[in-house]
Amino acid sequence: ILESCLDFYELTEGAFDITLRPLMQYWKNKQTNGESDLQLYELLDNLGSKQIVLNEKDQTVFLKNEKVEIDLGGFGKGYGLVTVHKLFQDFEVKNAFLSFGESSILTLGCHPAGDHWIIGLNDYTSPGQSVYSFSLNEGSVSTSSNFYVDDHGKLHNHRHVINPFTGYPVEDIVTVSVRADSPVTAEILSTAFLVLADETIESIREDIPECEIVRINYTTGQPEIQILTNQQNT
């Protein structure tokens, strides 16, 4: 698992980083007791998956400083879906739709009433409506976001998605959904693409050709949809 996380750290040029929990805690504390920016810069200097050293021969993990913490939250659901997929194969399940909440979905085979599964992305400004739909026979869709919807339907940034390059929370109210053959790939990239520039995302997508990306920005109050696939870039 850690080897995979470090590989994706390299692939995403540092956007997927399993060492960012101290930064999330920093911003949580800053809201209540006004943590200093000096601490933020110190954390930036000491965090990053480059601070993790794996020794395959000895089966050891070495952290280069005491500030580093490992958080596998951005990996866990994808890994869980991979594990269940293996169970499906063991029991020769041919058709299946598995949802770990709306955020992580795995499909096999066909819908009972059609030749594929339809996965709609919720429009958070119009409950019950979809802003985009994926069609899948095999593969996974993962969605990451940085906001919640209150009882009155208003969207609020809960500031838990941290840009590892700046140390600051992502301020735009946005979701990113990724379709990929591997649930782990979909899970990790949906998180990383929340903070990456378009040109970097496009470069990464070329290395993972089956990838389909839908970014939806709600900052203006209405969904602004950006689609990146092998067929289109709109």
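Start zoomed out on this predicted model: the protein chain has a radius of gyration of 19 Å, which agrees with the value near 17 Å that a compact globule of 234 residues would have. Along the principal axes, the C-alpha atoms fill a box of roughly 60 × 50 × 35 Å. Switch to cartoon and you'll find six helices and twelve strands. Of the 234 residues, 44% count as buried.

Now show the surface. The chain exposes about 12,400 Å², with carbon and sulfur atoms supplying 49% of it. Colour by charge next: there are 15 positive and 34 negative charges, and their mean positions are 5 Å apart.

Time for the rings. The structure holds eight aromatic pairs. Select Tyr124 and Tyr218: their ring centres are 5.9 Å apart and the planes sit at 80°, over the 60 degrees needed, so this pair is edge-to-face. Tyr124 is in the loop between β5 (117-122) and β6 (130-136), while Tyr218 is in the loop between β11 (212-217) and β12 (224-228), so the pair ties together parts 94 residues apart in sequence. Which of them is buried, and which partly exposed? Tyr218 is buried, at 2% relative accessible area, whereas Tyr124 is partly exposed at 24%.

Phe147 lies in strand β8 (residues 147-149), so its pairing with Tyr218 ties together parts 71 residues apart in sequence. Both Phe147 and Tyr218 are buried.

Last stop: select Tyr26, Trp27 and Tyr168, which form one aromatic cluster.

Key:
Residues are numbered from 1 along each chain as its sequence is written. This is a predicted model: local features need pLDDT of at least 70, side-chain atom pairs count only at pLDDT 80 or more; totals for chains, interfaces and linings use all residues. Side-chain values use heavy atoms; hydrogens and water are left out. Rings of Phe, Tyr and Trp (its six-membered ring) pair if their centres lie within 6.5 Å; planes under 30 degrees apart count as stacked, over 60 as edge-to-face and the rest as tilted. Helices (H or I, at least four residues) and strands (E, at least two) are DSSP runs, numbered from the N terminus. Buried means under 20% relative accessible area, exposed over 50%, partly exposed in between (1.4 Å probe, protein chains only). The radius of gyration is taken over C-alpha atoms; the globule rule is 2.2 Å times the number of residues to the power 0.38. Accessible areas come from the Shrake-Rupley method with a 1.4 Å probe; for residues, only the protein chains shown count as cover. Lys and Arg count as positive and Asp and Glu as negative; His and the chain ends are not counted. The place of a charge is taken as NZ of Lys, CZ of Arg, CG of Asp or CD of Glu.
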